[in-house]
Amino acid sequence: MDFPGAHILSIEQFQREDIERVFRTADRMEPYAQRTRLTRVLEGAILGNMFFEASTRTRISFGAAFNLLGGEVRESVGMDSSSLVKGESLEDTARVLSGFSDVICMRHPEAGSVARFASASRVPVINGGDGSNEHPSQALLDLYTIEKELQGRGRTVDGLRIAMVGDLKFGRTVHSLCKLLSLFSNIRVVLVSPGELAMPGALVETMRDAGHWVTVTDNLEASIGEVDIVYSTRIQEERFDDRAQADLYRGRFRLNQAIYTRHCDPNTVIMHPLPRDSRLEANELDPDLDSNPNLAIFRQTDNGLLVRMALFALILDVAHLVDKYEQDIRWRNPRQKPVASTGQPDDVR
Amino acid sequence: MDFPGAHILSIEQFQREDIERVFRTADRMEPYAQRTRLTRVLEGAILGNMFFEASTRTRISFGAAFNLLGGEVRESVGMDSSSLVKGESLEDTARVLSGFSDVICMRHPEAGSVARFASASRVPVINGGDGSNEHPSQALLDLYTIEKELQGRGRTVDGLRIAMVGDLKFGRTVHSLCKLLSLFSNIRVVLVSPGELAMPGALVETMRDAGHWVTVTDNLEASIGEVDIVYSTRIQEERFDDRAQADLYRGRFRLNQAIYTRHCDPNTVIMHPLPRDSRLEANELDPDLDSNPNLAIFRQTDNGLLVRMALFALILDVAHLVDKYEQDIRWRNPRQKPVASTGQPDDVR
Amino acid sequence: MDFPGAHILSIEQFQREDIERVFRTADRMEPYAQRTRLTRVLEGAILGNMFFEASTRTRISFGAAFNLLGGEVRESVGMDSSSLVKGESLEDTARVLSGFSDVICMRHPEAGSVARFASASRVPVINGGDGSNEHPSQALLDLYTIEKELQGRGRTVDGLRIAMVGDLKFGRTVHSLCKLLSLFSNIRVVLVSPGELAMPGALVETMRDAGHWVTVTDNLEASIGEVDIVYSTRIQEERFDDRAQADLYRGRFRLNQAIYTRHCDPNTVIMHPLPRDSRLEANELDPDLDSNPNLAIFRQTDNGLLVRMALFALILDVAHLVDKYEQDIRWRNPRQKPVASTGQPDDVR
């Protein structure tokens with residue numbers, strides 16, 4: 001992929017070398033995200049952060065990533081009811097808004113809408129999620145987290161053993177992750193779900209075509225014993241026609257510390273695309289895992305910042321310039337506080 | 001008008017030399033809007049972008065204009081129900097909010113509200129639209145676009161020939177444009193609307209008093225033959241007491257490429273205040289005009305950025321300093337990408 | 001209190017020397033708030049301004065305070081319905097969002113929620129109001145205003161004479177102010193309210209335990225004669241189970257210029273936490289007081305900016321560095337405009 005000026009609409013745009021390029025760029029963003037260094041490389045650039053569907057965490061993550069590179073953020077949340085009611089096409093909206101910024105991140109409830117918007121935009125567009133369709137930066141941050149977590153364990157994505165657990169039918173993130181994994185080799189995937197919420201057959205085929213071993217099961221405890229990663233997901237109740245149906249499945253595949261200790265290899269990494277459903281009847285990842293150092297779920301969101309910084313840097317062609325425009329950090333880095341003195345018992349880092 | 005420190009509430013504040021001053025300042029903003037140069041002249045200044053009525057495009061345009069001059073933006077969208085319910089007066093809101101910023105842009109659904117707010121504000125206020133009343137920056141960007149489009153055609157606003165088409169009764173933008181045009185000389189205006197949606201008589205008189213030729217008609221095709229500009233507008237259905245009434249008029253004056261080719265002089269400029277209504281039953285400017293280089297509607301919104309930058313620069317008295325505080329642009333200018341390589345077939349520039 | 005890295009959750013954290021430290025730091029912020037000097041000490045730092053309950057003035061005040069120190073602001077307004085519906089815990093929200101910013105300001109309708117959030121946050125959290133519980137920066141700005149107003153009158157907080165008027169039962173601000181005043185000595189407090197809206201007994205006891213003289217009454221005119229400050233409050237109708245009850249009390253303790261002239265000592269300071277209820281039936285502070293130079297209510301909100309800048313500077317440990325990172329101001333300071341030329345007859349400064 002030729003990053004400078006490109007739209008980032010789908011993970012299907014990414015070849016293995018493109019992923020490698022994003023991840024090595026993300027690595028170089030760590031000191032800025034950690035506030036040990038400060039760059040102003042995007043000074044004066046403007047991100048149009050257009051969230052036609054609310055998603056606080058994703059919106060703030062993109063905005064903060066752009067700020068950390070020195071740029072400004074103009075934002076919108078929710079449908080522009082005014083323009084919609086007045087009959088404006090998405091393409092016209094794109095033509096107007098792209099005149100105001102240097103890059104646009106867009107989220108929209110309708111599948112395909114971001115690609116339509118991008119086709120009329122005069123600046124690069126990043127898909128921040130278009131309904132059930134794509135959310136490429138989430139998929140990339142998941143894979144980036146897998147790679148980083150495995151690093152310290154002497155393993156790589158090639159040869160990965162992973163269990164995906166929960167709602168594999170409606171979970172957009174596991175679908176995208178399967179597609180990305182099919183670019184790698186020699187992977188063992190255990191798909192754990194109720195039969196009714198199974199991974200779509202086409203995706204299973206994609207992985208098998210890539211030479212991976214895929215097992216389908218509804219037995220959690222038998223499936224998490226010899227894997228590097230347990231990737232848990234929430235029952236996507238909002239995608240069920242009948243929400244009462246969702247109640248049948250919620251809480252069915254719970255992981256807690258006792259189950260982890262009994263069934264998992266030591267140092268098995270626990271991931272989740274978040275939000276995790278912490279209501280008692282769901283609780284797919286029990287809070288008693290919060291002190292487990294292998295719970296990587298908040299490292300995932302931290303890594304999201306790095307991946308998004310990398311995407312901006314590559315699209316605007318400044319990845320090689322970030323350290324040229326460094327400045328001194330002037331304030332106390334709150335992340336360097338010793339945990340004991342901060343009254344932050346839940347700090348999981 | 002004495003710009004430094006002034007409120008911008010109404011186009012009636014503007015004499016011809018004031019307009020000239022805004023437009024020549026807007027010209028000088030072009031390199032910054034185009035990202036060929038970068039200025040930080042408003043470093044540290046804060047815009048209070050107070051949109052008590054939602055309007056994504058206008059809000060983002062003002063905010064981006066301020067960012068492009070180096071300033072910061074604090075924002076609010078929607079009625080502050082909390083303060084309203086608690087009985088706070090608009091003047092008190094102004095007294096408080098004006099303590100937080102250096103200039104305020106305000107939109108509000110109620111006519112006259114922005115002037116009331118400004119009367120109690122301790123910083124300059126720009127009217128970003130107060131109901132059916134005023135939206136001066138829109139009127140200025142329309143006139144600025146007319147001037148720029150005519151320039152390449154060897155014509156000027158003096159001597160302009162323009163057709164205004166559609167809902168001339170409720171369309172705030174055409175009303176304001178008529179007022180501005182009355183400051184110029186020797187203009188021919190054809191007003192094309194259903195009789196029931198005709199331009200208010202007082203505005204017709206204002207233009208005739210200014211020595212202009214005004215024709216009133218409901219025949220589109222006979223009216224667009226010898227004009228420099230066709231200024232099309234949307235049926236403002238939200239202003240009709242009975243929305244079913246609006247359906248009677250919607251779609252009545254459609255312009256498309258076939259009609260344009262048959263009836264218009266070559267290079268007749270097409271304008272519209274946007275959003276254009278692209279629903280099939282309306283479609284006042286057909287999408288088949290999108291590849292017509294004379295369709296100036298997205299140059300209008302681009303010009304809006306320049307005009308708003310100019311207003312900020314004049315009010316805060318930095319118009320003469322913008323190039324003193326220039327910095328290098330560090331990122332790849334997305335607007336310089338060759339169109340062919342961007343996958344942006346709808347790019348109309 | 002050890003400010004660097006601390007959460008600011010409650011005024012009960014503050015000892016007298018801490019208050020002194022905040023106020024002397026706030027004093028040093030005045031030139032930046034007044035735009036006679038410009039500092040960029042927090043260049044590159046990000047405030048997460050998380051308002052899960054809307055409050056335009058408080059949100060903009062925190063955001064502007066951070067901008068005035070050179071930092072960036074990422075923001076959210078309203079409940080994140082998406083995460084709530086999906087069952088995310090407040091602690092998880094904190095773990096995620098604190099990865100994106102250097103400090104968080106949070107408002108939330110539920111008492112105790114901000115402390116819960118802070119317990120899981122990896123960066124310092126400032127309580128911007130948690131329901132009926134705490135809003136420490138409001139209490140500090142009230143006390144700071146009292147101190148500043150008294151300064152020119154040769155008086156101090158020790159020895160203060162103050163009347164608190166209105167809804168003393170539900171008014172969070174007067175509760176907090178009483179707690180702060182109990183750190184000082186020799187204060188005379190007159191509590192003026194309907195019997196049903198009296199100050200909670202525990203707070204009266206707290207003040208008496210501190211050695212203060214407390215009088216409880218429902219007679220306004222007899223109570224404002226020999227005080228330094230009249231602190232008026234709104235009937236908090238939103239806290240009444242039966243809103244019709246609120247109507248019984250609204251408008252009962254009105255202060256206007258005639259009553260002020262007849263009963264108050266000259267130069268008695270008038271304060272109010274805002275918004276004041278300016279509806280005819282309420283009108284606890286009549287608009288005819290707006291030209292009274294002792295009306296300090298908008299100096300209160302201006303002081304809020306200084307106090308919030310001070311809190312950020314202390315928490316991020318840059319209070320001693322603000323003047324090291326100064327830059328020239330480049331734009332015309334709108335606050336230096338002579339009032340006569342601005343059409344701002346209501347300017348009360």
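A: The packing comes first, then the contact between chains. The model is predicted: local features need pLDDT of at least 70 and side-chain atom pairs count only at pLDDT 80 or more, while totals for chains, interfaces and linings use all residues. Residues are numbered from 1 along each chain as its sequence is written, and chains are lettered from A and ligands numbered from 1 in the order in which they are written.

Helix 1 (residues 16-33) and helix 11 (residues 297-315) of chain A have axes 7 Å apart and pack at about 115°. Helices (H or I, at least four residues) and strands (E, at least two) are DSSP runs numbered from the N terminus. Axes are lines fitted to C-alpha atoms, for helices over the stretch in contact, with angles from 0 to 180 degrees between N-to-C directions.

Contact requires C-beta atoms, placed from the backbone, within 7 Å. By class, this contact has twelve nonpolar, one polar and two charged residues; Ala, Val, Leu, Ile, Met, Phe, Trp, Tyr, Cys and Pro count as nonpolar, Asp, Glu, Lys and Arg as charged, and the others, Gly among them, as polar.

Between chains A and B, the contact takes 41 residues from chain A and 39 residues from chain B. Helix 4 of chain A gives the most to chain A's side, five residues.

Technical notes. Contact = placed C-beta atoms within 7 Å.
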